[in-house]
Amino acid sequence: MLRLRFLWLILALVVVSALFLTLGAKGSWSFTLWFRGQKLASLLLIGGAISTATILFQTITHNRILTPSIMGFDALFLLILTLMIFGMGAGGYAQVPKVTLFLINLVLLTLASVALFTLLLRDQRSDLMRMVLTGIILGVLFRSLVLFIQRLIDPSEFAVLQSASFARFNKADADLLLVSAVLVCLTWAAVWRMRHRLDVLALGEVLPVSLGADPRRGQLVVLMLISVLVSVSTALVGPVAFLGLLVSSLTYRVIPSWHHGHILPAAILIGGLTLVGGQLVLERVLHFETPLAVVVECLGGLVFLILILRKGST
Amino acid sequence: MIRIRNVSHQIAGQTILQGVDLDIQQGGLTALVGPNGAGKSTLLSLLARLQTLQSGQIEINGQDLQQISHGDLAQMLAILPQVLTSTHRISVEDLVGFGRYPYSRGRLGPKDREIVAEVLESFELQEIKHRFLDTLSGGQRQRAYTAMAWAQDTEYLLLDEPLNNLDIAASRSLMSRLKSLAVQQGRTIVIVLHDINYAAGYADHIVAMKAGRVVTNGPPREVVSEAFLRSVFDTDARVIVANDRPLVVV
């Protein structure tokens, strides 16, 4: 049954991608394919990165409502970005190559999130709710700090920052895309290698210790992998709060398995399908001007509400 | 043998354990009993390294507990916590398969499958092995988790109040199964029990704790008496002897 569902998912993704590349193309084919191919690649990469990060996060927190962005990971990325622009000024920022900036930001985010969440995880391992609340409040704090610094900086810096901090699925830098693709593929390989360990880590706080899987080290490694994935997706398209939640809850529905060897590939497929399919329908079929981010956030937000209400009633 | 020497533990300024000295002999069933808050679960979690040892020393088969790697410890000692929740839809067979993780790292080999099948058999889970955990009764679920810990094939098995929420039939069958398996396979089971009668009825050794200390330690016949109940549990109850074992009239 699972195999059949995987086949359907792959088939759907291939069809949607082919349509995305070809539907309504005018003019030179080579240009269209090159241009749209880049867009397609970035959509697939982002969809896959965000959904992987979400599944990983839900596994180590034993919770299917939390996502890295709800806990403030991408807000932290933006805060670091803002501080960098603030420190260097718009001129200085524009001079440094984008890829270098991205890598610096990635390293800083990894360090900051590991420091932050190990503190949270160490003190409140037994108290998930407190950890969640702390995370959400930290997220709000980071966003407010970003806003605060935006008030301080001059208009040209603000413009640079503005273009860097909104979700946009249409333009992604080619160099950045290549670096991101390499990073995400490396992360996927690492995640795939630890898929059995993830199955055990999902069992709770005590059983992984009993089974010799050392949850503390596992959680640390997973947090680092999440940081890389969040950095990539936030750098490419800006923050997307609810896409991960939308994709992960769809995945658990479509693939009712506890094997991360099943869940993760399915989440990557569904993540790509959501973004490419969404963009296709919005752009080519409905000719909407609404950005995809808005629609995805709206749907994801609804899922979040439904999950919370359901949890509350049972 | 597990040697516990001068172990003290504090949580948030509260003293939970005070200089505990205890030897847990190899083989058979050792029951930890005592009133609520005596420190039984904390002692168990220190033995399984769920919490960090603050002071004192614990040795397992002559090795310092703190020096053993996670992977090696998982082949010597298994623990089953009091609260067992699972967010995933896992079948009984898959759950028992998790018990082989210390050996297989997730890839079950033919020997692992053989052991899983044997354990399913001896815990009478064959008929429900394809059912998901969330469809089972409390007794069946407890049995499935215990089977998982058993499949870990460790010399020591620590169980924290496994009889919670079990009715009398499930409790008796779990206890007698554990006892006979422990004897058959020469394993050591340390079990935290609330009900003194189950401890007296099935355990080979009873270790009684009160206010963070071990107060008595010995076979049920020597330990369980009216004076013991008064001093450890602060209750006046009559103790009679049935089938050569003490029985508390409640």
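This is a predicted model: local features need pLDDT of at least 70, side-chain atom pairs count only at pLDDT 80 or more; totals for chains, interfaces and linings use all residues.
Visitor: Hi! Where does N61(B) lie?

Guide: N61(B) sits in the loop between strand 4 and strand 5 of chain B.

Visitor: What is the phi of N61(B)?

Guide: Phi there is near 45°, a positive value in a residue other than glycine.

Visitor: Is N61(B) buried, exposed or partly exposed?

Guide: Partly exposed, because 13 other C-beta atoms lie within 10 Å of N61(B).

Visitor: Which other residue has a positive phi near 45°?

Guide: E161(B) has one, and it is also a residue other than glycine. You'll find E161(B) in the loop between strand 7 (156-160) and helix 7 (168-185) of chain B.

Visitor: And why does E161(B) count as buried?

Guide: Because E161(B) has 20 C-beta neighbours inside 10 Å, and a residue is buried if 20 or more lie within that distance.

Visitor: How many bridges does strand 1 of chain B make with strand 2 of chain B?

Guide: Seven, and the two strands run antiparallel. Strand 1 (residues 2-11) also pairs with strand 4 (residues 55-60) of chain B, again in the antiparallel sense, over five bridges.

Visitor: What does I4(B) stand opposite in strand 2 of chain B?

Guide: L22(B). In strand 4 of chain B, the bridge partner of I4(B) is I58(B).

Visitor: Which sheet in chain B has six strands?

Guide: That one is open too, with the order 6-7-8-3-9-10 and mixed pairing. Strand 6 and strand 10 (213-218) of chain B are its edge strands, each pairing on one side only. From one strand to the next, the twist averages 15°.

Visitor: Parallel or antiparallel for strand 7 and strand 8 of chain B?

Guide: Parallel, with five bridges joining strand 7 to strand 8 (residues 188-192). Y156(B) is bridged to T188(B) in strand 8 of chain B.

Visitor: Which helix packs on that sheet?

Guide: Helix 7 of chain B does, touching strand 3 (28-33) and strand 8 of chain B. Its direction makes about 135° with that of strand 3 of chain B. Helix 6 (residues 138-151) of chain B lies across strand 6 and strand 7 of chain B, at about 170° to strand 6.

Visitor: New topic: why is helix 1 of chain B largely enclosed?

Guide: Six of the eight residues of helix 1 (residues 40-47) of chain B are buried, so the rest of the structure largely encloses it. Among the buried ones are K40(B), T42(B) and L43(B). After helix 1 of chain B comes R49(B), with a positive phi near 60°.

Visitor: How many residues does the largest nonpolar core have?

Guide: It has 154, and those with the most contacts inside it are I226(A), V96(B), A147(B) and L158(B). Helix 2 (residues 29-61) of chain A gives the most to this core, with twelve residues.

Visitor: What is V96(B) in contact with?

Guide: Leaving aside neighbours within four places in sequence, the contacts of V96(B) include V116(B), L120(B), A147(B) and A151(B).

Visitor: How many residues of chain B are in contact with chain A?

Guide: 20 residues of chain B, meeting 17 residues of chain A. Helix 2 of chain B gives the most to that side of chain B, with four residues. By class, the side has eleven nonpolar, six polar and three charged residues.

Visitor: Last one: how many helices and strands are in chain B?

Guide: Ten helices and twelve strands. The radius of gyration of chain B is 18 Å, close to the 18 Å that the globule rule gives for 250 residues, so chain B is as compact as a globular protein of that length. Buried residues make up 41% of the 250 residues in chain B.

Definitions and conventions. Residues are numbered from 1 along each chain as its sequence is written. Chains are lettered from A and ligands numbered from 1 in the order in which they are written. Two strands pair if DSSP finds at least two bridges between them. Two residues are in contact if their C-beta atoms, placed from the backbone, lie within 7 Å. Ala, Val, Leu, Ile, Met, Phe, Trp, Tyr, Cys and Pro count as nonpolar, Asp, Glu, Lys and Arg as charged, and the others, Gly among them, as polar. A nonpolar core is a set of buried Ala, Val, Leu, Ile, Met, Phe, Trp, Tyr and Cys residues joined through C-beta atoms within 7 Å. A residue is buried if 20 or more other C-beta atoms lie within 10 Å of its own, exposed if 12 or fewer, and partly exposed in between; C-beta atoms are placed from the backbone. The radius of gyration is taken over C-alpha atoms; the globule rule is 2.2 Å times the number of residues to the power 0.38. Axes are lines fitted to C-alpha atoms, for helices over the stretch in contact, and angles run from 0 to 180 degrees between N-to-C directions.
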